[in-house]
Amino acid sequence: MTVAVIGGGLSGLVLAHRLRSRGTAAVLLESASRVGGNVQTRTEGDYLLEAGPNSFLDRESTTRSLAEALGLETRIRPADAAAKNRYIFTRGALRKVPSSPPAFFKSDVISLSARMRVLAELFSGRGPTGVDETLAQLGRRHLGREATTVLLDAFQTGIYAGDPEQLSAEATFPQLVRFEREHRSLILGAIRSQRAARKAQAPSQDGGQKSKLTGLLSTFDRGLGVLVDALAASLGDAVRTDAKVEGLTRTEDGWKVQVRERGQPVELLASQVVLAVPAHVAADLLRPLDAPLAGTLEGIGYAPIAVVHLGFAPGATAKPDGFGFLVPAVEGKAVLGTIHVSTTFPFRAEGGRVLLTCLMGGTRKPEVVARDEDALVALAREELKAMTGLTATPELTQAVRWPRGIPQYTVGHLGRVASLDAGLKRWPGLHLTGNAYRGVGVNDCIREATRLADALG
């Protein structure tokens, strides 16, 4: 059996690697000249820059197992302890996100009345069953209007850069929905879940070893590109770049894949085909075969994102505290949040330099992403000055635009995914994977690609 994996982003790389490690022949076809998709790590002088994802939470055994299989486990680097503090820009100032219930009720991140409303969450009732609620609806019922507008919106912004009035609560934060169903209260559910997690982390009475998972924000010693490079190396000549798939045809015993490889038409035969590409690319490929399936894929939208890096020479500005800060939509800023990269991962800015990465645009201000690099840098500096007082001139600036940056799991998303699963049954040997369906993070992509590979191989 030969599997044709279309798309050389993280999902496609993990899938092809897993298939080949299980003895299944696989070829990976990537239209660009490089693999990795939006995982792009670059070295610019004394700075290590990430154009896409910056890190992952070290809490997934699948990700750890992959790192171990690739010989990368010792290269995992947790965030520095100095990154434990996080901030939200609200009501004209950076305010620290409290790390415990007592700290929350003493903090000024939201007003006193809003904090008291959050305390009343312990007596919340369950929402309607069988309804795909928005994240904002779930938040207002449990936490109140202000906590939803400030805290919950900031939290989702750091993951989806979306609109909580449009995002599906169950698709984006299924754990919160599960807490409500099983415990009624989100706070009670979180407390009980933490207790269960601590118990699971403890060594068992029969002498079992404690999990290696730290639960900490992590990356690799030379950025996430280390993972991409190791996956590509493991695949060798099974990776074919500059290979754009132009058509798929179902045959009696598999699939015919029409490819334009380095400008030349090529035809491949495969028993299975996996589309590990963005939803709109999959839609274009499937439209001649199955217009309804393509239409469902087109229903998955994306938030545009601009990533702006600002690097400062030693002594130009003070090292900022904590991981960074997020900005809720109510503040009206183009900057969605800023990562204090040199505080979180000091090895990414050498010699005492300061590196900040600003995420801009999203669904709230999509037009921002269309600006040129100079305009994006200028806007980021202007808003940072207003929010943090930063006036130093950077020695390094760089902007990367993602017109389709982060998939949006809006209301109806789970129904769309179920419809895709049902529609694929009309086409034996055809599969979908990637961050458009069951999770947008690094861990999600690795977990889902591994699950599919195991089902195929």
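For the linings described here, Ala, Val, Leu, Ile, Met, Phe, Trp, Tyr, Cys and Pro count as nonpolar, Asp, Glu, Lys and Arg count as charged, and the others, Gly among them, count as polar. The model is a predicted one, and the count of cavities of 30 Å³ or more in this model comes to 2.

**Cavities**

- The largest cavity holds about 50 Å³ of space, and its lining is formed by Leu432, Thr433, Gly434, Tyr437, Arg438, Glu448 and Arg451.
- Sorted by residue class, the lining of the largest cavity consists of 2 nonpolar, 2 polar and 3 charged residues.
- The second largest cavity has a volume of about 30 Å³, and the residues that line this cavity are Leu10, Val39, Leu224, Leu227, Val228 and Val442.
- In the lining of the second largest cavity there are 6 nonpolar residues, with no polar and no charged residues.

**Second largest pocket**

- The second largest pocket contains about 260 Å³ of space, and among the 17 residues that line this pocket, the closest to its centre are Ala318, Pro320, His340, Thr388 and Leu390.
- Two or more residues of the lining of the second largest pocket are given by each of strand S17 (335-340), strand S18 (354-361) and helix H14 (373-388).
- By class, the lining of the second largest pocket divides into 10 nonpolar, 6 polar and 1 charged.

- Leu112, which has its place in helix H4, counts as exposed because its relative accessible area is 53%, and the cut-off for exposed is over 50%.

**Leu72**

- Leu72 is located in the loop between helix H2 (61-69) and strand S6 (76-78).
- Leu72 has a relative accessibility of 4% and therefore counts as buried, given that buried means under 20% relative accessible area.
- Leu72 and Ile191 are separated by 119 residues in sequence and, from C-alpha to C-alpha, by 34 Å in space.

Terms used
Residues are numbered from 1 along each chain as its sequence is written. This is a predicted model: local features need pLDDT of at least 70, side-chain atom pairs count only at pLDDT 80 or more; totals for chains, interfaces and linings use all residues. Side-chain values use heavy atoms; hydrogens and water are left out. Helices (H or I, at least four residues) and strands (E, at least two) are DSSP runs, numbered from the N terminus. Buried means under 20% relative accessible area, exposed over 50%, partly exposed in between (1.4 Å probe, protein chains only). On a 1 Å grid over the protein atoms alone, a cavity is a set of points where a 1.4 Å probe fits but cannot get out, and a pocket is an open set with protein on both sides within 12 Å along at least five of seven lines; lining residues have an atom within 4 Å of a point. Grid points are joined across faces, edges and corners, and a volume is the space filled by probe spheres set on the points.
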